[in-house]
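Trainee: Could you walk me through this one before I set anything up? I'd like to go piece by piece.
Mentor: Of course, here it is.

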Amino acid sequence: MVDRIETGIYGVDPIIEGGLLENSAITVVGASGTGKTTFAIQFIMKGIENGEQALFVTLEESPKQIMKEAEMMGWDMKKYHEKSLFFIHLSGQNFKEMIEEQLPKLVKARKDYDIKTRVAIDPLTPVIWSTKDRLSQRELIENLFTPLKELGTVMATVEEHSKPGEIVGEDVLLPIYLSDGVFHLEYFPVGGAFNRTFKIIKMRGTSHGEGLYPYIFARGVGVVVRSTPVEVKKEEKQKYDKSFVEALETAEAMDVPENIIGKLETMRKEWSYDYPPDELLEIILSPYRD
Ligand SMILES: Nc1ncnc2c1ncn2[C@@H]1O[C@H](COP(=O)(O)OP(=O)(O)OP(=O)(O)O)[C@@H](O)[C@H]1O
Ligand SMILES: [Mg+2]
């Protein structure tokens, strides 16, 4: 049996054979506010609770802000700061030098201690945006992932700005490609349990759940992924397709913006619940009715 690293996100480990593979890099992809930082904090805190060490690479928010947010969610990061939790704040534009020169030195120094470590990089986006050249972007991500993966399991987050109809945005293709596993967080303002959904895009070496799972934020425990939804039979799914076709026709006739139509198309493709989507569709379309 291979060792699995518990993610610390409730509901996720059972659908990925118990956890992440050691020394792998996982990317959490999601639009702003979907919960990427919360995922990273939860992953780090799980390691600390298990007696491991943690390295948190921050790019946008300062370590102080991260610790404050964690506190609001119910985790005491401060207690472990500089004891088993260490931060690297990569600010400014000097990523290349930091990544190519300082990071390997730091990793080497820590490796000599042989302590189980997990690493969070939140968010990786500024690294990608620091250059337009695809090859340089790829090199930067590889130079970041490769040494950090030697240290332990890595969870990076990437901001997503997807265009209508796209499953994932273009800027996230490179990190997705270079990661061993990808979690996709989506926010659909549809109301109720389906506001926020979690999906596994890939997980190398793992037989994983393929559903679209709703998740919630529960203060004190953090994100809980509802990973045991009712499986929908194919005929059931087709039964609801009519509702989507009608809603899309209505949307076209009402001049609903393209991005909303894109969202509805995604929703149609992804619908995996055992009840009709009509009410949700009406809620989404109602603002465009006169
Ligand atoms: N206890 C809670 N109850 C409900 N929603 C919450 C709770 N805690 C956090 N949230 C939601 O999660 C959002 C922030 O999550 P988080 O900072 O992890 O997202 P993010 O994807 O990292 O966002 P950003 O792109 O801004 O970095 C909040 O804006 C809020 O909508
Ligand atoms: Mg964040």
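**Ligand, sheet and domains**

Mentor: Among the structural elements, helix H1 (residues 36-49) gives the most to the shell around ligand 1, contributing 3 residues; please keep in mind throughout that this is a predicted model.

Trainee: OK, and which residues surround ligand 1?
Mentor: The residues around ligand 1 are Gly30, Ser32, Gly33, Thr34, Gly35, Lys36, Thr37, Thr38, Met73, Glu159, Phe217 and Arg219.

Trainee: How does that shell split by class?
Mentor: The shell around ligand 1 has 7 polar residues, 3 charged residues and 2 nonpolar residues.

Trainee: Switching to the strands, is E4 mostly covered or exposed?
Mentor: Strand E4 is mostly covered, since 6 of its 6 residues are buried. Gln53, Leu55 and Val57 point one way from E4, while Ala54, Phe56 and Thr58 point the other way, and all of them are buried.

Trainee: What does E4 pair with on the E5 side, and how many bridges are there?
Mentor: Strand E4 (residues 53-58) is joined to strand E5 (residues 85-89) by 5 bridges, and the two run parallel. Within E5, Leu85 is the bridge partner of Ala54, and Phe86 is the bridge partner of Leu55.

Trainee: And how many bridges go to E6?
Mentor: There are 6 bridges between E4 and strand E6 (residues 117-122), again with the strands running parallel. One of the pairs to look at there is Thr58, whose bridge partner in E6 is Asp122.

Trainee: Which hand does the unit with E4, H2 and E5 have?
Mentor: The β-α-β unit made by E4, helix H2 (residues 63-73) and E5 is right-handed.

Trainee: Back to Asp122 for a second, what is the peptide bond from there to Pro123 like?
Mentor: The peptide bond from Asp122 to Pro123 is cis, and its omega is near -15 degrees. Pro123 itself sits in the loop between E6 and helix H4 (125-129).

Trainee: Why does Glu82 count as exposed?
Mentor: Glu82 counts as exposed because it has 8 C-beta neighbours inside 10 Å, and the cut-off for that class is 12 or fewer. Glu17 is partly exposed because 17 other C-beta atoms lie within 10 Å.

Trainee: Last topic, what are the domains?
Mentor: The protein is divided into domain 1 (4-225) and domain 2 (234-288), and their centres, taken over C-alpha atoms, are separated by 32 Å. The contact takes 8 residues from domain 1 and 12 residues from domain 2.

Trainee: What classes of residue does domain 1 put on the side that touches domain 2?
Mentor: That side of domain 1 has 5 nonpolar and 3 polar residues, and no charged residues.

Terms used. Residues numbered from 1 in each chain as written. Chains lettered and ligands numbered in written order. Predicted model: local features only at pLDDT ≥ 70, side-chain atom pairs only at ≥ 80, totals over all residues. Pairing = 2+ DSSP bridges. Helix = DSSP H or I, 4+ residues; strand = E, 2+ residues; numbered from the N terminus. Right-handed = clockwise from strand over helix to strand, strands pointing away. Near = placed C-beta within 6 Å. Nonpolar A, V, L, I, M, F, W, Y, C, P; charged D, E, K, R; others polar. Domains from an automatic or database assignment. Contact = placed C-beta atoms within 7 Å. Buried ≥ 20, exposed ≤ 12 C-beta atoms within 10 Å, placed from the backbone.
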